[in-house]
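These are my notebook entries on one protein chain. I record what I looked up, topic by topic.

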Amino acid sequence: MSLLEVEALTKVFRRHHGEPGHRAVDQVSFTVEPGETMALVGESGAGKSTTGRLVLRLIEPDSGSVALGGADVRALSRRDLRTFRRRAQMVFQDPHSSLDPRIPIAESVAEPLVVHRIGSRAERRDRVADLLERVGIGAHLLNRYPAQLSGGQLQRAAIARALTTDPELIVCDEPVSALDVSIQAQVINLLTDLQAERGIAYLFITHDLALVEAFADTVAVMRNGAIVEQATVEQLFRAPRQEYTRELLDAVPYVPAPQA
């Protein structure tokens, strides 16, 4: 059984004055296996981020189904949805979206543990310190506020926050697009290491096909709310079937290898 099964997912954002709604996600279907990275790629406005939010039930679809480990996410009760939130987390493009500017980093990272009543206060403190150290944030930064950290440090803290509940799936919504290239590489390497250690599956939302080639296992190309092509990364880069996919690949900057 696949870890995540998405079938015919559709979301229409209604407009005023009787105008037709905007079909942001249109009959989207895909699966993600345990420990796999699947990339959702496409231009801005293709429906990638909306799909990620639908998967985590941060917004409700108009039709279609989402199942995590065989359980229908749309049918979950409030109590079961709480359990689901432990199993599936999200890392946003802007870490300020998930880190409260009014409280120290360690408290923000601990918040999911508090919400889900995991561990004693001392156990939570130790777990947060261990996780932040694991993502490269030392003890001297635990009591700093978000405004006192760099963008790369904040995104590492956001990743640590997503890891607190030992999720099986993390939806990463453009998690490195706001970072410098050197910091991007560090964060991607961190995600790769964590996946190898913990068997986490990623739904990796991005417009950057160079990142996809380096990081993902499978890829779905979205355009105007619909998936127009799905393949393994190797197949897609070697022999794309759709003209739109070829256009995206042609736009990837070519960096020549250094001369020996």
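This is a predicted model: local features need pLDDT of at least 70, side-chain atom pairs count only at pLDDT 80 or more; totals for chains, interfaces and linings use all residues.

Entry 1, aromatic rings. I began with the rule for ring pairs: rings of Phe, Tyr and Trp (its six-membered ring) pair if their centres lie within 6.5 Å, and planes under 30 degrees apart count as stacked, over 60 as edge-to-face and the rest as tilted. I noted that a pair of aromatic rings is described by the distance of the centres and the angle of the planes. By this rule I found 2 aromatic pairs. I looked up Tyr202 and Phe215 and found their ring centres 5.8 Å apart and their planes at 35 degrees, so this pair is tilted. Tyr202 belongs to strand S8 and Phe215 to helix H7, 13 residues apart, and the pair thus links distant parts of the chain. I took helices (H or I, at least four residues) and strands (E, at least two) as DSSP runs, numbered from the N terminus.

I then looked up Phe204 and Phe215, an edge-to-face pair with 4.9 Å from centre to centre and 65 degrees between the planes. Phe204 lies in strand S8 and Phe215 in helix H7, so the pair ties together parts 11 residues apart in sequence. Tyr202, Phe204 and Phe215 form one aromatic cluster.

Residues are numbered from 1 along each chain as its sequence is written, and side-chain values use heavy atoms, with hydrogens and water left out.

Tyr202 is buried at 0%, Phe204 is buried at 0%, and Phe215 is buried at 7%.

I next looked up the nonpolar cores, each a set of buried Ala, Val, Leu, Ile, Met, Phe, Trp, Tyr and Cys residues joined through side-chain atoms within 4.5 Å. The largest has 36 residues, of which Ile105, Leu132, Ile159, Ile170, Leu191 and Tyr202 touch the most other members. Among the elements that each supply at least two residues of this core are helix H3 (105-115), helix H5 (151-163) and helix H6 (181-198). H5 gives the most, with 6 residues. Leaving aside residues up to four places away in sequence, Leu191 touches Ile159, Tyr202, Phe204 and Phe215, where contact means heavy atoms within 4.5 Å. I also found a second, separate core of 31 residues, which includes Leu54, Val55, Met90 and Val171.

Which residues of H4 are buried? I found Arg124, Val128, Leu131 and Leu132. Seen down the axis of H4, its buried residues fall within an arc of 95 degrees (taken from the directions from the helix axis to the C-beta atoms), so they line one face of the helix. These buried residues pack against H3, H5 and H6. The face turned away from the buried side carries the exposed residues Asp130 and Glu133. Just after H4, Gly136 takes a positive phi of about 95 degrees.

Key
Buried means under 20% relative accessible area, exposed over 50%, partly exposed in between (1.4 Å probe, protein chains only).
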